[in-house]
Amino acid sequence: MKEIRMHGRGGQGSFAAAEILAVAAFEDGKISQAFPSFGSERMGAPVQTFVRLSDRKIRSRNHIYEPDYVIIMDPTLIVDIDVLKGMKSGGLVLVNTEKKPEELKFKSELDFDRIRVIPATRIAREITGKAIPNAVMMGAFAGFTKEVSIAAIKRAVMERFPGKVGELNAEGAKKAYSMMKEGEK
Amino acid sequence: MEKLWEGSRAIAETIKMCRPKVISAYPITPQTHIVESLSQLAADGDLVAEFINVESEHSAASVVLGASATGARTYTATTSQGLLLMLEVLYNIAGMRLPVVMTCANRAVSAPLSIWNDQQDSFTARDSGWIQLYAEDSQEACDLHLMAYRIAEDKRIMLPVMVCLDGFFISHTFEPVEPFEEENVKQFLPDYQPLHYLTPKNPLTFGSFAEPDKYTEARYIIHRTLEESKMVIRETAEDFKKVFGRGGGDLVEDYFLEDADFAFVAMGSIIGSLKDLVDKLREKGEKVGILKIISFRPFPGKEITTALEGIEKIAVLEKAVSLGSGGILVKEVKESFYGRKKTPQINGFIVGLGGRDIPQDSLENIYREFHQGSGDASFVDLNYELLGGK
């Protein structure tokens, strides 16, 4: 089982991101579970969401304390919250930021080669006109981890956001996916 | 084919299949998504039902009471403060023998204000005459709703049923669910045929005045019927398995109890985490099992003692507390064993109040401490710093 913990702020669509990831992985043939740890749904408040991906029935519903992947929707969170807490050895981090991995000041230490960065808010703004990075981040996650296919992510995005909004967000996801792939070369 | 749905959506799709004629509800977190979906389905014409908007939960319960008395199949849903506000009406619905089905998306009660999960709300209604069934996951929550209508409308029963599912842990979790096929549902749950109902052609009184010479008998009959409903719940669960090919328990469900010397007893979504823990402990050769209680009312005392026969230590986990008395479920489990020659050691543990997460480590600690020593922690994972170090 792979466990994913997302840290974001209210208004960034972190829960929709978790839903998109779970739906996409399910479509790829995995068993998935997504759930939020709601605050009081205020804009800007720190929120956590959790996704589990597995080959068999997922029964536990507790929070994720030892994630395989950590996704950071808003880089300003890393100064206040120990977002890397409990991460499995070999775990990977994806951050929505304009900075380089070595410029990020996490509260715990981490090898730079386990961090990937993507300017998801900028990509979202350029392509969709809105500064909501959730779909773009999921595209980046697909490119970075290969836990889920980009085709399934795009379909899940369009299902979640019908019409033009979904198409543009799917395009943003595809762009982030390609950037992650480019980064590997 | 399975769908990856949010729990609330899965419940709404199930209710649609159950074909209620009247739905009334007042939105409250974490129940909101269920009734939002139903109101959308009704507005789109995908569900032919009257969706009646009201100004409070007291009114929502009153609307389904009245509608049910006219012979219509009805549905409502609530949680927490909403359930407390409904309480007066809930007693009336049971007393009038109306087969209303409702969902309680379990949430803590105020004060302090908490929108998060525990089971204090539905525990508060435990003496009201409603049958209460608790779900472990989305699939079971769906299945129990379908069974709930069958049980409620059974002419031997005619009592309301509350299906309880943990708020957020089930209501807001996306997980795979097998949707119902219309044909199977119609076979399992035919249209409701009321025996007695309000109509101008045949005026009747529901919930009439009962003088002291009759009141006790009216209450006794409800109690006796709840006892008898155990058999109907068992039959219904069995028939459900035949028609839909899935399902496990009826009143209770056991997990690795056969050779166990230690058992957890619990209700609701915590069972999933407990199953993962038991699998882990079993791999190390430890003889641990679980008894899941599905039906809290009627209380399956006999089924509990039978299932736990020969087990030495029993940890009862519950997400509610009777302030000034302690655990509620644990006392009922203990009472089931009263008077027997050999009784197990039974300890109660209050967990997950107001949405506090219950990590697997906490569950394992309960097991280790109780298994090796006494470990009557009562309130688990208390933060002593918040209590001034005491």
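Helices here are DSSP runs of at least four residues, numbered from the N terminus. The model is predicted.

**View 1. Lys146(A) sits in a loop between two helices of chain A.** Helix H4 (134-145) lies on one side of this loop and helix H5 (150-160) on the other. Lys146(A) is not a glycine, yet its phi is positive, near 60 degrees. Most residues other than glycine have a negative phi. The relative accessibility of Lys146(A) is 47%, so the residue counts as partly exposed; the exposed class needs over 50%.

**View 2. Ser80(B) belongs to helix H4 of chain B.** This helix covers residues 80-95. Phi of Ser80(B) is near 45 degrees, again a positive value in a residue other than glycine. Is Ser80(B) buried or exposed? Its relative accessibility is 0%, so Ser80(B) counts as buried. The cut-off for buried is under 20%.

**View 3. A cis peptide bond links Ser110(B) to Ala111(B).** Omega for this bond is near -10 degrees. Most peptide bonds are trans. Ala111(B) lies in the loop that runs between strand S5 (101-106) and helix H5 (120-124) of chain B.

**View 4. Ala111(B) and Pro112(B) are also joined by a cis peptide bond.** What is omega here? The value is about -5 degrees. Pro112(B) is found in the loop between S5 and H5 of chain B, and Ala111(B) lies in that loop too.

How values were computed:
Residues numbered from 1 in each chain as written. Chains lettered and ligands numbered in written order. Predicted model: local features only at pLDDT ≥ 70, side-chain atom pairs only at ≥ 80, totals over all residues. Heavy atoms only, no water. Buried < 20%, exposed > 50% of the residue type's maximum accessible area, 1.4 Å probe, protein only.
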